[in-house]
Protein chains: 2
Amino acid sequence: MGATKTDHFTDQQNQIAIIAKALGHPARIAIIEYLLKVNACICGDIVNELPLAQPTVSQHLKELKNAGLIKGNIEGNAICYCIDEKTFDVLKEYFSKIITTVIKQNCC
Amino acid sequence: MGATKTDHFTDQQNQIAIIAKALGHPARIAIIEYLLKVNACICGDIVNELPLAQPTVSQHLKELKNAGLIKGNIEGNAICYCIDEKTFDVLKEYFSKIITTVIKQNCC
DNA sequence: AACAATAATCGTAATATTGCAATATTAATA
DNA sequence: TATTAATATTGCAATATTACGATTATTGTT
């Protein structure tokens, strides 16, 4: 026990869950917001912006990248991270559909 | 170590993370989709729809409720669960803002 | 009141996540 | 080629999550 029963659910359900899970940590939300704030993708100082050690930040970046929420391009000895809006759009569309369906059924 | 450093982030960052985390499990996505499918909130047979035991489902429902994603009304000896679209809307608006900001900055 | 049905809670085992120190890797520069 | 800077990986301790059997409310029905 203890492990998520991934096999029992559909691919789409698992995909949405993976993306949502990646956003389910304040440090990763903070990273996303910082990438937005700098208003460009010439990054490399994310570590200095967060109250976490470098390996921890690196791990969070890895998870955001695995979920497809950010892209990372190598720029010399630094790495340029930026937001991949396609994946955010998947979530946005998914939630939009939920909201309109709920409003239609008009219950409770 | 091990525990999330909640204090170091803003309330909004934590709030978004809590909601996203609650959706970060395929069983909870499946519950949401089932609540949509039945097209009404006279539920109580969610357990039969999922490949999980009753206490496990009950726990997932509790987490969705804590995050504000569903509401639960007592209806006799059953409980009527339904989606709380307000919380979904918070997420949708948050992601919409991210997407438009990224498109504006037009990087990578 | 006894019984059945429904869902929550408790306790616990298995597994996953978080965070960091230490170390490794990679690439620019002196 | 050493040195430096930036990021990744490894290993591990602390904590959280997932899942479920057993049990406990709670409410409706007989």
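This is a predicted model: local features need pLDDT of at least 70, side-chain atom pairs count only at pLDDT 80 or more; totals for chains, interfaces and linings use all residues.
Is B:Glu49 buried, partly exposed or exposed? At 43% relative accessibility, B:Glu49 counts as partly exposed.

**How the two chains are related**

- Chain A can be superposed on chain B by a rotation of 180° with 0.0 Å of shift along the axis, and the RMSD is 0.1 Å.
- This is the relation of a two-fold axis.
- Both copies use the same surface, since 100% of the contact residues of chain A recur in chain B.

**Where chain A meets chain B**

- In this interface, 47 residues of chain A are in contact with 47 residues of chain B.
- The size of an interface is often given as the accessible area lost when the parts come together.
- Here the area buried between chain A and chain B is about 4,100 Å², and carbon and sulfur atoms give 75% of that area.
- The count of salt bridges between chain A and chain B is 0.
- Polar contacts do cross the interface of chain A and chain B: there are 6 residue pairs of this kind, with both residues at pLDDT 80 or more.
- Four elements of chain A, namely α1 (11–22), α2 (26–37), β2 (78–83) and α5 (85–105), each supply at least two residues of the side that touches chain B.
- Helix α5(A) gives the largest share of that side of chain A, with 13 residues.
- Sorted by class, the side of chain A that touches chain B has 29 nonpolar, 12 polar and 6 charged residues.

**A closer look at one residue, A:Ala30**

- You can find A:Ala30 in helix α2 of chain A.
- With a relative accessibility of 8%, A:Ala30 counts as buried, because the cut-off for buried is under 20%.
- Which residues does A:Ala30 touch, leaving aside its neighbours within four places in sequence? The contacts are A:Leu50, B:Phe9 and B:Gln13.
- A:Leu50 is 20 residues away from A:Ala30 along the chain, and the C-alpha atoms of the two are separated by 7.8 Å.

**Salt bridges**

- How many salt bridges are there over all chains? The count comes to 8.
- In chain A, the side chains of A:Asp84 and A:Lys86 form one of them, at 3.2 Å from N to O.
- A:Asp84 counts as buried at 10% relative accessibility, whereas A:Lys86 counts as exposed at 58%.
- In chain B, B:Asp84 forms a salt bridge with B:Lys86, and the closest N and O atoms are 3.2 Å apart.
- B:Asp84 is buried, at 10% relative accessibility, while B:Lys86 is exposed, at 57%.
- Now back to the residue from the opening: B:Glu49 forms a salt bridge with B:Lys37, with the closest N and O atoms 4.0 Å apart.
- B:Glu49 lies in helix α3 (residues 46–49) of chain B and B:Lys37 in helix α2 (residues 26–37) of chain B, so this pair ties together parts that are 12 residues apart in sequence.
- B:Lys37 is exposed, with a relative accessible area of 61%, whereas B:Glu49 is partly exposed at 43%.

Definitions and conventions
Residues are numbered from 1 along each chain as its sequence is written. Chains are lettered from A and ligands numbered from 1 in the order in which they are written. Side-chain values use heavy atoms; hydrogens and water are left out. Buried means under 20% relative accessible area, exposed over 50%, partly exposed in between (1.4 Å probe, protein chains only). Copies are superposed by least squares on the C-alpha atoms of residues with pLDDT of at least 70 in both. Contact means heavy atoms within 4.5 Å. Buried area is the accessible area (1.4 Å probe) that two parts lose on being put together, summed over both. A polar contact is a pair of N or O atoms within 3.5 Å; within protein, one must be able to donate a hydrogen and the other to accept it, and residues adjacent in sequence count only if both atoms are side-chain atoms. Ala, Val, Leu, Ile, Met, Phe, Trp, Tyr, Cys and Pro count as nonpolar, Asp, Glu, Lys and Arg as charged, and the others, Gly among them, as polar.
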